[in-house]
Amino acid sequence: MSVADIHIGEEVHHDEHHEQSFIQKYIFSTDHKMIAKQYLISGIFWALIGGGLSIIFRLQLGFPDMSLEWLRPILGKWITSAGKLDSEFYLALVTMHGTIMVFFVLTAGLSGTFSNFLIPLQIGARDMASGFMNMLSYWLFFISSTIMFVSLFLETGPAGGGWTVYPPLSALPQAISGSGLGMTLWLVAMVFFIASTLLGGINYITTVINLRTEGMSFSRLPLTVWAFFITAVIGLLSFPVLVAAALLLVFDRSFGTSFYLSEIYIGGEALPNMGGSPILYQHLFWFLGHPEVYIVLLPALGITSEIIATNSRKPIFGYTAMIMSMLAIAFLSFIVWAHHMFVTGMNPFLGSIFMFLTLIIAVPSAVKAFNYITTLWKGNIHFTPAMLFSIGLVSFFISGGLTGIFLGNSALDINLHDTYFVVAHFHLVMGSASFFGMLAGVYHWFPKMFGRMMDEKLGYIHFWFSFVGIYLVFFPLHYVGIAGFPRRYYSWTNFDAFNSFTDLNAFVSIAAILTFSAQFVFLFNFFYSIFKGRKAPQNPWGSTTLEWTTPRIPGHGNWEGDIPKVYRWAYDYSKPGAKDDFIPQTVPYSHTPESNLPFENELAKTEDVSPVAQDAK
Amino acid sequence: MLNLIIVLAVILIVAILIAIFKVTTLVGIAKGDAKKPEPSNNKLNATLLALFLVAGLFGFFYYSFGGLDEDFVQPIASEHGLITERLFWITMGITGFVFVITQIFLFGFSYKYQYKKDGKATFYAHNNKLEVIWTAVPAVVLAVLIVSGWKAWVGITSPAPEGAEVVEVMGYQYAWAVRYPGDDKKLGDSDYKKIDVTNQMGIDFSDKASFDDFIPLELHIPKGKPVLLKIRARDVIHSVYMPHFRMQMNAVPGMPTHFWFTPTKSTADMRAETGNPDFNYELVCNKICGKGHFAMRYVVVVDEPADYEKWYSEQTPWLKQNEDYLSQVPAELKEMAKIAAGIEAEEAEIVNIDNALVSTN
């Protein structure tokens, strides 16, 4: 697409072409760390495309009179003869922005990267339970990515029915040109994507359950691993339903069935389909779609828990409560899906039930937010870039989470549904918060991934532009949403009710462009630091978890010699009496009598401090 | 040429930025930043977080209370709209309070507990009492919101009152069509297979209730009377959204939906209230439906009840406007159709028609 994207494309190829002799190491690798990096680089590539698409449609929304003729070299016939963006391609942009960001960046890029990288390192395993499956998972994702990428260049355009691809719009090429080949490729890509997610998820779950090192009980797992674990379970239970939804849609599109189609007259003819229900698709889609929100968000929250505790030099507040709230969120996420459908004509009684269940989710979410804040209280805070991004995440999580209380209320949703209020809500709580979690994770674990440090000052610049920029983009959208501006509108000038806020929309677009530009600072920092960054110490952040006991650049198998044994939980920061302000998980209680709590002294008596008996093999 | 200059300028700027970056990195190494226990610029970042809090809250209050050029609340014109609007602002009050407090704590703590050389964090892993409190309090507050929301929802979605004005609204790519039941106050059947270029709504003329149905070019509704919209779509999903009435309901092909509400202000009232002589209520599509999604505007007119009755009685049945479609009426109902639609009958047939009327009554 844009110059910068091609640049990243080259980075991907860089690995492929120049390291041919190391195919096993860099391409068809079964090493979880390499696979994590593959996911990360792919995720960054997709984030640039997804973000770039949003900038194009923000230009249209912010500056409807602007000539976009200069985009013709890239967009070709999607720029009309009047120099404007084609209104159908506008919808395709919106659709692909959503699809890419939700699935390819925040699901694959976030879970794929950090679950793969951190689970074995933090639980003390040599690798994933099945390295081969893990490799397969990445390459299915790669196939999916390729197909989705190709669909961007089709003559009829990529899928254009919104990222939720509701039929009949997505089922009928007569209705929108994106529902032709573009939609077919979308569906095929998604099926590969889901297969990839499932393979990855099964691996994460098995690894966490079976490959924990000695002493690493579930109650000693870092919250990151808990989050990845729960995320994988949610994914495993919900993604198959999306396959079902997609498959039925394929049948309706290609084989003349009527699962979602009924009584349709389009393009001058009455279709023969009878008896289907478009609402059935929405139920199936949101049965995945809502858990998906948490598939995106929970890993980010897990990463944040770890980073906030480390950099506050304090144990995470309410470790058990954090796990309980994640479990509660995971459970509830499966029984709230129909709050996306309050105004579809669904039985109002169901609406009542789903309103009730939806608003309950606010309770565990609130607990999490309070616990983060209390973790900061009386800390000794180091503002590393990762820490700043984590604080930013908590801020977004609160701002965006609170507006969910409006939208989860079916009576209020009548007026807010599908307006910019929704856009503002989920971009803050799901989009930006998860994106910040991903960035925080990159800044925090970069030393372990590449053995070098990222530049802090560039990190600060990146953070401040992104943080302020994102608020400037999404906060004003609440006002626009309360005024009832519908989302997915190419322009609002047709309506008297929506002829206001032109300045505000221009402002939002400028803020979006600035925020997007700031990401190039990150890109430079990231790739520059891989090769030229300052060499990282073994444990740069003074962290307690196991990954920091590996060598600077962990080789295959992660630990030279025996796998370390775990004696304590992951959050012994600033323990009273201890010499340092952190005690790694590998230090037995019997070595730290000066800082032990009474019950820990009891444990110390029964501790077995001999090395791990044998590698599980 | 201009493009070339722009490209060169960008390259130059990037080069300068990279040079600055390298210089500062080298200076950092010379000063031994990496060996310091705290991250560089810790104090600066803490201060910026505090500044962000102050500036952010100022912006939030300033723009929420009149700082914007435009009003971001559309005037309300329905009975249930008043209820939901009240609920909206109660929710806003509660969440706004939580928002401000939590952000103050988040950024305030960040600033206050920034790294100090001799500082030591407090080992404070949990406090059951505190956690119970902040689980219980949100639960109670949410219970209140749930109950009030549920009450409003049940009221809004309850069956329409007897005698509500029934209007059918149909969405299609990319426009709306509305149909009134006519003098008999009964909407005739429709069948999507009967749709053609003229009969856009697929009126089924084998149903005698359809003979007097009329299809105007604007949606008229009476002020102060409940209006039941029967909603359907004929191609893809659309959504009937009227922001001033705080009403929205999807139009789904194959699954008719409905929504009832009571308008409280006529178009003229609204023109006076907003001071905009050109004000019109609008019906908006709010579910992505294709290329023209952003242009599905339909004018809604709220009349005083008397004006509404007058307007209603002046409308011409669709069948009369399109007499060709008499051919679709079953033979035995033809005469009745002519009468109901007000089509001029030939003298000779009048007697028969009278008979027909008697027999059907």
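This is a predicted model: local features need pLDDT of at least 70, side-chain atom pairs count only at pLDDT 80 or more; totals for chains, interfaces and linings use all residues.

The contact between helix 3 and helix 17 of chain A is made by 17 nonpolar, six polar and one charged residues.

Packed helices are described by the angle between their axes and by the distance between those axes. Here helix 3 (residues 32–62) and helix 17 (residues 502–532) of chain A pack at about 160 degrees, and their axes are 9 Å apart. Angles over 145 degrees count as roughly antiparallel, and helix 3 and helix 17 of chain A are therefore roughly antiparallel to each other.

## Space inside the model

Next, the cavities. Seven cavities of 30 Å³ or more are found, and the largest cavity has a volume of about 190 Å³. It is lined by 21 residues, of which Thr107(A), Ser111(A), Thr197(A), Gly201(A) and Tyr204(A) are the closest to its centre.

Which helix of chain A gives the most to the lining of the largest cavity? That is helix 7, with seven residues. Helix 5 (87–123), helix 7 (181–210) and helix 8 (223–254) of chain A each supply at least two lining residues. By class, the lining of the largest cavity holds 10 nonpolar and 11 polar residues, and no charged ones.

## A five-stranded sheet in chain B

Moving to chain B, five strands form an open, mixed sheet in the order 3-9-8-5-6. Strand 3 (219–222) and strand 6 (247–251) of chain B are at the edges with a single partner strand each, so one side of each has no neighbour in the sheet. From one strand to the next, the twist averages 25 degrees.

Within this sheet, strand 5 (residues 238–242) and strand 8 (residues 281–285) of chain B run antiparallel and are joined by two bridges. Look for Val240(B), which stands opposite Cys285(B) of strand 8.

## A four-stranded sheet in chain B

Chain B also has an open sheet of four strands with mixed pairing, in the order 2-1-4-7. Its edges are strand 2 (175–179) and strand 7 (257–261) of chain B; each has a single partner strand, so one side of each is left without a neighbour in the sheet. The twist in this sheet averages 25 degrees between one strand and the next.

Strand 1 (residues 165–172) and strand 4 (residues 227–233) of chain B run parallel, with seven bridges joining them. Val166(B) has Leu228(B) in strand 4 as its bridge partner.

Technical notes:
Residues are numbered from 1 along each chain as its sequence is written. Chains are lettered from A and ligands numbered from 1 in the order in which they are written. Side-chain values use heavy atoms; hydrogens and water are left out. Axes are lines fitted to C-alpha atoms, for helices over the stretch in contact, and angles run from 0 to 180 degrees between N-to-C directions. Angles under 35 degrees count as roughly parallel, over 145 as roughly antiparallel, 65 to 115 as roughly perpendicular and the rest as oblique. Ala, Val, Leu, Ile, Met, Phe, Trp, Tyr, Cys and Pro count as nonpolar, Asp, Glu, Lys and Arg as charged, and the others, Gly among them, as polar. On a 1 Å grid over the protein atoms alone, a cavity is a set of points where a 1.4 Å probe fits but cannot get out, and a pocket is an open set with protein on both sides within 12 Å along at least five of seven lines; lining residues have an atom within 4 Å of a point. Grid points are joined across faces, edges and corners, and a volume is the space filled by probe spheres set on the points. Two strands pair if DSSP finds at least two bridges between them.
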